[in-house]
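These are my notebook entries on a structure that I had not examined before. I record what I looked up, one topic at a time.

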Amino acid sequence: MSAPLIQLKGVSKSFGNTVVLDRVNLEIYESDAVAIIGPSGTGKSTILRIIAGLLAPDEGEIYIRGRQRVGLIDDAEGQMAIGMVFQQAALFDSLTVEENVGFILYQHSKLPQQKIRDLVHQKLEMVGLRDVSHLYPAQLSGGMRKRVSFARAIMSNPENSQDNPEVILYDEPTAGLDPIASTVIEDLVRSLQKAHGVCGTYVMVTHQESTIRRTADRVLLLYRGKVKWTGTVCELNTTDDPTIRQFLSGSVTGPIEVFR
Ligand code: ADP
């Protein structure tokens with residue numbers, strides 16, 4: 001197997017007295033489609049924010065293409081670009097869809113407005129949206145807002161290919177969507193990976209079973225700050241690991257502690 005694109009070695013993170021991540025090791029390889037699953041509050045989003053370089057670990061090392069990342073993403077020069085799709089879409093309410101999707105280019109490039117518009121339309125088409133550029137987030141459905149946030153995450157800068165995301169991090173992309181809207185988003189994640197090749201490597205945090213099964217090849221279960229289980233999506237059906245079995249069945253009895 002080739003060297004990992006991203007590697008976490010012994011990463012720990014606490015908030016106050018709560019240890020959220022406890023010496024976690026994790027490797028993400030090129031073309032990986034990884035789902036990080038686990039009960040709520042177990043540190044899944046925290047791991048994503050650490051991978052994205054938005055949050056620093058207390059201990060441990062992060063390697064990007066074998067090179068150690070020191071500090072947060074803003075401090076690093078020439079690092080691999082990582083796109084992130086946030087849980088609540090995290091769009092700017094006062095900006096139009098076009099301004100949201102083109103935000104990075106409007107802020108950080110010298111491209112003419114028409115060029116940015118063309119790129120915005122191209123990305124919106126890739127996520128299946130048309131004629132929405134002029135709308136504000138409040139005028140869109142939950143599923144459409146998620147698509148707009150996908151388009152923003154995959155925005156590329158033709159002036160600087162280093163800005164083009166090689167890895168996409170999805171934080172609960174189907175949370176709050178009905179089952180059909182969830183399927184549409186799950187199919188979109190796969191189609192972006194397969195047809196467009198722009199999101200070929202991704203890490204997805206989810207606890208929705210349909211999302212795990214439709215979007216992931218590899219699964220990693222996080223519980224109490226540790227990676228408790230890793231395997232393929234097929235192995236989810238056959239493993240007798242009690243934590244996985246309880247998580248998937250939603251049973252209140254098992255190793256996962258239940259807060260009533
Ligand atoms: P998950 O994504 O698995 O639901 P999170 O990573 O969001 O879990 O959070 C894990 C734990 O860390 C939770 O108890 C949460 O309250 C806590 N936490 C996350 N971010 C912060 C923060 N910035 N400050 C304090 N506590 C936090």
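**Entry 1: Met204.** I began with Met204, which is found in strand E8, spanning residues 201-205. I noted at the outset that the model is a predicted one. Is Met204 buried or exposed? Its relative accessible area is 0%, and because buried means under 20%, Met204 counts as buried.

I then looked up what Met204 touches, leaving aside residues up to four places away in sequence. Its contacts include Val34, Ala35 and Ile36. Tyr170, Pro173 and Val189 are also among them, as are Thr211 and Thr215. Two of these partners, Val34 and Ile36, fall within strand E3 (33-37). I also checked Ile244, 40 residues from Met204 along the chain. The C-alpha atoms of Met204 and Ile244 are separated by 17 Å.

Entry 2: I turned next to strand E9 (residues 218-223) and strand E10 (residues 226-232). How do these strands run, and how many bridges join them? They run antiparallel, and 6 bridges join them. Within this pair, Val219 stands opposite Gly231 in E10.

The hairpin has 2 residues between its strands. Arg224 is found in this loop between E9 and E10. I recorded for Arg224 a positive phi of about 50 degrees, although it is not a glycine. Its relative accessible area is 53%; since exposed means over 50%, Arg224 counts as exposed.

**Entry 3: Ser31.** I found a positive phi at Ser31 as well, of about 70 degrees, and this residue is not a glycine either. Ser31 is found in the loop between strand E2 (18-28) and strand E3 (33-37).

**Entry 4: the chain as a whole.** I then stepped back to the whole chain. Its secondary structure comes to 9 helices and 10 strands. The radius of gyration is 19 Å, close to the 18 Å that the globule rule gives for 260 residues, so the chain is as compact as a globular protein of that length. Along the principal axes, the C-alpha trace spans about 55 × 40 × 40 Å.

I noted that 49% of the 260 residues count as buried. Among contacts between residues at least 6 apart in sequence, 64% join residues at least 24 apart.

**Entry 5: surface and charge.** The accessible surface of the chain comes to about 12,700 Å², and carbon and sulfur atoms account for 49% of it. I recorded 27 positive and 30 negative side chains. The centres of these two sets lie 2 Å apart.

Terms used: Residues numbered from 1 in each chain as written. Predicted model: local features only at pLDDT ≥ 70, side-chain atom pairs only at ≥ 80, totals over all residues. Heavy atoms only, no water. Helix = DSSP H or I, 4+ residues; strand = E, 2+ residues; numbered from the N terminus. Rg over C-alpha atoms; globule rule 2.2 N^0.38 Å. Buried < 20%, exposed > 50% of the residue type's maximum accessible area, 1.4 Å probe, protein only. Contact = heavy atoms within 4.5 Å. Areas by Shrake-Rupley, 256 points an atom, 1.4 Å probe, with all protein chains shown as cover. Lys, Arg positive; Asp, Glu negative; His and termini not counted. Charge placed at Lys NZ, Arg CZ, Asp CG, Glu CD. Pairing = 2+ DSSP bridges.
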